[in-house]
Structure formats: C-alpha cells, structure tokens
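Below is a walk through one part of a structure, beginning with a pair of residues and widening from there. Please keep the sequence and the coordinates in view while reading.

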Amino acid sequence: MPLVTPGFKGRGRSSDPKLPPGQYLVTDFPVLSAGPTQRVDTPDWEFQVKTETGKVTSWTWESFRALPAERFTTDLHCVTKWSKLGTHWEGVSLDNLLAGIETAAEFVLVRSYGGYTTNLPLADLLGGKAWIAYRYDDKDLPREHGGPARLLVPHLYLWKSAKWVRGLDLRTDDQPGFWESLGYHNYGDPWQEQRYWGD
Amino acid sequence: MAGTAVLGGLRWLVATVTELRDETTTARTIVLDVPGWPGHQAGQHVDLRLTAEDGYSTERSYSIASASHGEHIELTVQVVPDGEVSPYLGRVLAVGYQIELRGPVGGWFVWPATSSPNPTVLYAGGSGIVPLMAMVRARALLGSAVPFRLVYSARRPEDVIYGDELAGYAATDPGFTVSYVYTREGPADSSRRPGRIDEPTVSHAEFGRDSDVFVCGPNPFVETVTRLLGKAKHDPRRIRTERFGSQGGTS
Amino acid sequence: MTTSLDGSALAGPLSEVFAVDITRGIGRCANCGDSNPIGRVDVYLDAPGSVGRCPSCEHVLIRLTRSPDRLWLDMQGLISLELPIP
C-alpha cells in the first residue's frame with residue numbers, strides 16, 4: 001500500500017449499504033467525458049437502430065418524442081467511484097423504442113455523436129431496465145450531461161449510459177466498445193464490482 | 001541545455017516537508033526535500049499521491065515553483081475552497097510530513113525550450129504563475145540576458161503571489177519586466193480599470209510574431225490569451241500552453 | 001470537466017510506460033495527417049481513462065487506462081511518433 005499521508009482524509013466516503021462496493025456518495029453531478037461536449041441540435045438529431053440483417057429504423061427528434069415516455073427516479077454509479085442516488089429523469093423506455101423491431105440479436109453496440117461506443121447484451125436494455133433519456137431534474141438534459149438525449153442503463157456502471165446517443169447496432173456477436181476494449185469490464189455490474197477485465 | 005530528468009521510467013519518491021511559507025491568505029509554498037530527485041527543468045510538474053488511512057488514494061499534479069537546485073523543490077498551492085486536496089496541502093500539511101511524488105513530468109512546457117532561447121513573453125492567469133515563476137527563477141539563476149516580459153493576471157493585488165520577488169527582478173534586471181492585469185479590483189492608484197486581459201495588453205507585450213510565448217492558467221484564461229495572440233498573428237508554433245482546467249488549478 | 005488540458009497532463013501516467021518523456025515528441029495523426037508536439041494534444045482526464053486528441057481534428061491519438069495492477073495503452077491514432085534523443 002502506498003505511504004499514508006498524515007492527516008489526509010479525502011472526500012467523505014460512506015459505507016452506506018445502499019451503495020455498491022467501493023463507491024462514495026456525491027451530491028453534485030460530476031461531468032466526465034472522453035472528448036469535447038457534443039453539440040447536436042434537435043433539428044439535426046437522428047437516432048438509428050440497425051438490426052443484424054442490416055435493416056435500419058430511424059427517428060427524428062419529432063418522431064422520437066412522439067413515443068410514449070415515462071418519468072423515473074434512479075441511482076447512478078460511476079466506475080470512478082462516485083454514486084448519486086435518487087436522480088430524476090424522463091425518457092423513452094427501450095422496450096417502447098424497440099417494440100416492433102424483429103431481431104435475433106443478443107448483443108448491442110451503442111453509438112454516440114463524437115464516436116464513443118459501448119456494448120452490452122440486448123437483454124440488459126429490455127424489461128424496464130433502460131431508457132433514452134432527454135430530461136434530467138425536470139429540465140432538458142444539458143449538453144454536458146449528454147443532451148439532447150443519452151442512454152441510461154442504471155443497473156450497470158455509468159460508462160454504459162452513453163451520452164449523446166445516436167443509435168444502436170443489434171449484433172449476433174459482441175463487440176467491445178471504447179472503454180471495454182481498453183481494460184474495462186465487458187459487462188460492468190457495480191454490485192459485483194466489475195470495473196476491469198478479469199474482475 | 002541540460003538533458004535533465006527525461007530518461008528512465010519515473011518512480012514514486014518520498015518527499016519530506018522542510019518548510020512552509022504563506023504567500024497570500026490562500027496560497028502557500030511547500031518546500032520539499034526529495035532524496036533521489038534527478039533535477040528538473042522550469043515548467044515541469046510533479047504528481048502528488050495522497051493516501052488516507054483506509055487506503056483511499058488520489059493524485060494531483062502541481063507545477064514546480066523553483067528552479068532546479070539539488071534535491072529541493074518548491075510547490076506553491078492555491079487553496080480551492082471545496083477542493084479535496086488543496087485545502088489539505090494549504091492548511092493541514094506540516095513540516096516533517098512525508099508525501100509521495102512522481103516527477104519531474106512534462107518536457108514540452110519548459111524553458112529554455114531550445115539551446116538559444118528567443119525573447120519570451122509569459123502570460124500567467126492566477127495560479128498559472130507557478131510554472132512561469134520557475135522559468136523566471138531559472139533565468140535569474142542562469143544569469144541569462146534573454147528578455148522576459150511577464151504579464152500576470154490576478155483578481156486583486158492581494159492575490160498576487162511572489163510580488164516582492166518579481167519587483168526585485170524588475171528593479172535590478174533591465175531584461176525583465178512584469179505588468180499586472182487585475183480582473184476584479186485594481187490598486188487605488190491604478191490608471192487601468194479592472195478587467196480581463198485584452199488586445200492592447202497583448203500587442204503591447206509582444207516582442208515580435210516569432211518570439212516564444214508561454215501561457216498558463218485556467219482554461220478560460222489560456223483560451224482568451226491564445227485567441228488574442230491569434231488576432232495579433234503570432235506564430236502558433238511558438239506558443240506553448242499549460243491549461244489548468246476549468247477551476248484554475250487542480251483542487 | 002469536458003474542457004481539455006494540454007499534453008503534459010498525460011506525461012505522468014505515460015512515464016510509467018515510456019523511459020522517455022513523449023510530450024516532447026511530435027506525433028502524426030492517423031486521421032488528418034497533421035503533426036503536433038504531444039505537449040499540444042488535447043487531453044481529457046476525467047473519464048474512466050485518459051484520452052489524448054489531435055488538436056487539429058480531435059481524433060483520438062492516445063488512450064490510457066489503469067486498473068490496480070494493469071495499464072492499457074492504445075496509440076493507433078498516432079501514425080508515427082518522433083522523439084528527440086537527449
């Protein structure tokens with residue numbers, strides 16, 4: 001273990017049982033990014049789902065916002081160890097978005113404006129576990145937090161909740177995304193502390 | 001130019017605090033003794049690693065304030081009110097404490113950058129003065145006659161760090177000048193109203209479009225100065241920047 | 001923050017990999033072909049890992065992540081790296 005620095009306490013760290021192992025509670029909402037904040041205006045925004053057969057379904061902002069939406073409250077867990085509880089969102093459930101899309105795909109590669117990608121099993125997007133969210137805390141989702149719309153998959157570490165989301169590739173094979181291809185865990189369950197490959 | 005400190009993978013070294021010096025009400029200089037210190041170039045920084053008793057560990061980068069001198073280095077830390085690390089370094093750390101550090105780091109934002117340095121303009125925004133002060137001190141230690149113009153932007157006169165030392169150099173060395181830009185409140189006798197750095201300040205400080213320029217401070221400051229230098233058609237390849245981030249320094 | 005830092009912000013982590021300080025080096029972007037000192041690279045540090053982007057086109061030049069016992073490095077965005085030998 002590194003040398004202990006006398007008198008250094010660091011951030012308040014709570015061993016709250018509501019928190020996954022190794023996490024600490026924050027009250028602000030840290031902004032972390034692998035690149036510059038993306039600036040996409042809603043008239044230019046497009047979301048595409050491509051199946052394993054190559055079939056593409058797309059939505060403009062208007063058609064996307066016409067889908068049934070819901071308001072929900074959830075907890076966020078970032079692999080950099082902060083957790084924020086009880087966050088309020090509004091978005092379209094992936095169950096609604098993907099209803100009517102025929103696929104035998106098991107995996108998804110999520111794509112964002114700016115080039116970021118992340119991957120997860122399709123099953124983890126369904127069953128009320130994921131949304132395309134466009135409002136946070138009763139306001140339009142700020143750009144720095146992924147606006148106009150981001151993916152939200154709260155049961156996995158927050159790097160899976162791709163900001164500035166632009167589409168999903170439904171695939172029969174699993175393709176590691178931006179961080180998964182560089183040592184981060186392929187699945188990322190915070191409750192099993194799956195931060196890195198091999199965890 | 002001495003080929004100091006860029007060979008060999010860097011190890012974490014143990015540094016001992018030997019002296020603490022208050023610079024302003026919110027900034028203090030930490031003097032460290034670092035056995036094994038290979039020497040450094042002005043402009044380089046160190047990474048500090050702080051570890052709590054439960055094993056929680058975090059790292060922050062701090063620019064070295066001193067010119068290279070044996071195994072002693074100086075850091076000047078500006079306390080950020082709700083920061084995690086700077087309040088500890090600025091208020092809790094005491095003489096005799098030991099802290100881990102790695103360095104020196106960063107071989108691009110250094111002076112001198114070549115074996116025959118040009119007249120140089122240095123722009124410091126807030127705590128961005130720290131690595132530039134290392135350059136001013138290195139220049140003094142070398143007895144260099146290379147002309148230096150320092151433009152130092154601070155909120156108020158009481159926020160200026162190293163003010164007396166800078167005045168000393170300006171008084172005794174015709175090749176060194178320092179001018180201040182106060183953004184919130186200036187001295188009572190100042191002819192200039194407080195405000196951000198502007199085009200006239202930059203064009204007045206210019207030696208020529210090809211001279212070397214170093215800019216350091218919070219991102220908005222660095223971006224403003226870079227933009228103003230662009231307007232003045234300064235050769236971008238001669239400009240070196242060190243952005244401290246949106247908060248004006250690691251917190 | 002999503003504002004970036006300069007290349008020296010990568011120098012510390014990279015010092016664990018390279019014996020030479022690569023921020024002095026000149027890197028050529030695989031995307032746009034521009035050459036820039038690594039010290040000029042736009043660095044994003046807060047993400048799960050560190051990312052260095054081309055100052056001309058923002059293409060990812062370098063990615064670095066660290067777990068407790070491993071360091072991962074991807075430099076496929078750099079088509080070449082020219083380093084001065086002190």
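In this predicted model, G125(B) lies opposite S153(B), a residue of β8(B). The strands concerned, β7(B) and β8(B), run parallel and are joined by six bridges. Between them comes a helix: β7(B), α2(B) and β8(B) together form a β-α-β unit of right-handed sense.

S153(B) also has a partner in β9(B), namely V181(B). Here too the pairing is parallel, with seven bridges between β8(B) and β9(B). The chain makes this step by way of α3(B), and the β-α-β crossover from β8(B) to β9(B) is right-handed.

On another side of β7(B) the partner is β10(B). β7, residues 120-125 of chain B, and β10, residues 212-217 of chain B, pair in the parallel sense through five bridges. Within this pairing, A124(B) has C216(B) as its bridge partner in β10(B).

These pairings belong to one sheet. It is open, holds five strands of chain B in the order β9-β8-β7-β10-β11, and is parallel in its pairing. At the edges stand β9 (176-182) and β11 (239-243) of chain B; each has a single partner strand, and therefore one side of each has no neighbour in the sheet. On average, neighbouring strands of the sheet are turned by 10° against each other, with direction ignored.

What lies on the sheet? Helix α2 of chain B, residues 129-142, lies across β7, β8 (148-154), β10 and β11 of chain B, and runs at about 155° to β8(B). Helix α3 of chain B, residues 163-172, packs on the sheet as well, where it touches β8 and β9 of chain B, and its direction makes about 135° with that of β9(B).

How many residues of β8(B) are buried? The count is seven of the seven, so β8(B) is largely enclosed by the rest of the structure. The burial applies to both faces of β8(B): F148(B), L150(B), Y152(B) and A154(B) are buried on one side, and R149(B), V151(B) and S153(B) on the other.

Chain B has a mean pLDDT of 92, and 95% of its residues reach 70 or more. Residues 1-7 of chain B are below 50 in pLDDT, although this stretch has 20 contacts in the model beyond near neighbours in sequence. Where pLDDT is low, predicted coordinates should not be read in detail.

Chain B also meets chain C: 22 residues of chain B are in contact with 20 residues of chain C. On the chain B side, β3 (45-51), β6 (98-105) and β11 each supply at least two residues. The element that gives the most to this side is β11(B), with four residues; β11(B) is also one of the edge strands of the sheet described above.

Chain C itself has one helix and seven strands, with the elements running α-β-β-β-β-β-β-β from the N terminus on. Its radius of gyration is 12 Å, close to the 12 Å that the globule rule gives for 86 residues, so chain C is as compact as a globular protein of that length. The C-alpha trace of chain C spans about 35 × 30 × 20 Å along its principal axes. Of its 86 residues, 52% count as buried. Among the contacts in chain C with a separation of 6 or more, 50% come from residues 24 or more positions apart.

Definitions and conventions: Residues are numbered from 1 along each chain as its sequence is written. Chains are lettered from A and ligands numbered from 1 in the order in which they are written. This is a predicted model: local features need pLDDT of at least 70, side-chain atom pairs count only at pLDDT 80 or more; totals for chains, interfaces and linings use all residues. Two strands pair if DSSP finds at least two bridges between them. Axes are lines fitted to C-alpha atoms, for helices over the stretch in contact, and angles run from 0 to 180 degrees between N-to-C directions. Two residues are in contact if their C-beta atoms, placed from the backbone, lie within 7 Å. pLDDT is the predictor's confidence in each residue, from 0 to 100. A residue is buried if 20 or more other C-beta atoms lie within 10 Å of its own, exposed if 12 or fewer, and partly exposed in between; C-beta atoms are placed from the backbone. A crossover is right-handed if, with the strands pointing away from the viewer, the path from the first strand over the helix to the second runs clockwise. The radius of gyration is taken over C-alpha atoms; the globule rule is 2.2 Å times the number of residues to the power 0.38.
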